[in-house]
Amino acid sequence: MDLNADLGEGFGSWRLGDDEALLGLISSANVACGFHAGDAATMHRVCAGAAERGVAVGAQVGYRDLAGFGRRHIAYDFAELRDETIYQLGALDAFCRLYRTRVRYLKPHGALYHAAACDEAQAAALVAAISGYDHELPVLCQPGTVLAQLAAGAGLRVVAEGFADRNYLPNGTLVPRGAANALVTDPDQVAARAVRMAVERTVVAVDGSVVPCPVESICLHGDTPGAVRCAELVRAALVDAGVTLTPFA
């Protein structure tokens, strides 16, 4: 099983989350590429740390929306979203190359993640960007989404992702960020959910129903309070359950 987290989400003198600590606990890093968060210095620092620790780097591409942290929907033109995605991929890949590695996968961020799950035009723009830039790049996203379907149809590898620190609806989708119960904040509960995803391939939804969750990668959000402690518990619980942590890419 792969354990991923969102990193590099600072900007200038402002830092969000403890990237260095999380790099010692995860196997894949979703690195902000400067549009929803991040900047050149931050990308450089995180890529260097990931290369040193053998952590796979993925491009977490987002809307051009620093003020809204990429969590506000933008109605993009197809070509513009495709090209801005390629731009972000290339920027992060440049820093990876300094350390004789490369971007290993793509994962959308925030509002783009949710839009691509159901909006065919935005999902198609992401697929076109990946296909044009590097057809070997996997796409990390929720299973069964429009993005997953279009990516698979284009011959791209789709890696199914689950969220240990987010609540699920009975239909298998995430509780919207704006809802009071969107996040799971108890570290012990997050760890237990991660083990259940990895071992039983299921998750318990907010109504108590058990939902199938056949994933290859489990996400933890690096910007939530107590993220490092949560990652420590999740990693320890997975190892105790006999789960080997390794990058999917």
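Visitor: Is Asp-6 buried or exposed in this structure?

Guide: A residue counts as buried when its relative accessible area is under 20%. In this predicted model, Asp-6 has a relative accessibility of 6%, and therefore it counts as buried. Asp-6 belongs to strand β1, which covers residues 2–7.

Visitor: Which residues does Asp-6 touch, not counting those up to four places away in sequence?

Guide: Asp-6 touches Asn-30, Gln-60, Lys-107, Cys-219, Leu-220, His-221 and Gly-222. One of these partners, His-221, shows how sequence and space can be read side by side: Asp-6 and His-221 are 215 residues apart in sequence, and yet their C-alpha atoms are 5.7 Å apart in space.

Visitor: How should I read a helix, and which residues of α6 are buried?

Guide: An α-helix has 3.6 residues a turn, so residues three or four places apart point the same way. In helix α6, made of residues 146–153, the buried residues are Leu-147, Ala-148 and Ala-151. When you look down the axis of α6, these buried residues fall within an arc of 100 degrees, so they line one face of the helix. The face turned away from that buried side carries the exposed residues Gln-149 and Gly-153.

Visitor: What do the buried residues of α6 pack against?

Guide: They pack against strands β4 (105–108), β5 (139–141) and β6 (158–163), and also against helices α4 (110–118) and α5 (120–133). After α6 comes Gly-155, whose phi is positive, near 85 degrees.

Visitor: Where is Gln-142, and which residues is it in contact with, leaving aside its neighbours within four places in sequence?

Guide: Gln-142 sits in the loop between β5 and α6, and because its relative accessibility is 9%, Gln-142 counts as buried. Its contacts include Ala-148, which is one of the buried residues of α6, and among the others are Tyr-113, Glu-161, Phe-163 and Tyr-168.

Visitor: How are two packed helices described?

Guide: They are described by the angle between their axes and the distance between the axes. Here helix α2 (residues 40–53) packs with helix α3 (residues 78–97) at an angle of about 45 degrees, and their axes are 9 Å apart. That angle makes α2 oblique to α3, and the crossing of the two helices is right-handed.

Visitor: Which residues make the contact between α2 and α3?

Guide: From α2 come Ala-40, Met-43, His-44 and Cys-47, while α3 contributes Ala-91, Leu-92, Phe-95 and Cys-96. Sorted by class, the contact has 7 nonpolar residues, 1 polar residue and no charged residues.

Conventions. Residues are numbered from 1 along each chain as its sequence is written. This is a predicted model: local features need pLDDT of at least 70, side-chain atom pairs count only at pLDDT 80 or more; totals for chains, interfaces and linings use all residues. Side-chain values use heavy atoms; hydrogens and water are left out. Buried means under 20% relative accessible area, exposed over 50%, partly exposed in between (1.4 Å probe, protein chains only). The arc is that of the directions from the helix axis to the C-beta atoms. Contact means heavy atoms within 4.5 Å. Axes are lines fitted to C-alpha atoms, for helices over the stretch in contact, and angles run from 0 to 180 degrees between N-to-C directions. Angles under 35 degrees count as roughly parallel, over 145 as roughly antiparallel, 65 to 115 as roughly perpendicular and the rest as oblique. A crossing is left-handed if the near helix is turned anticlockwise from the far one by less than a right angle, and right-handed if clockwise. Ala, Val, Leu, Ile, Met, Phe, Trp, Tyr, Cys and Pro count as nonpolar, Asp, Glu, Lys and Arg as charged, and the others, Gly among them, as polar.
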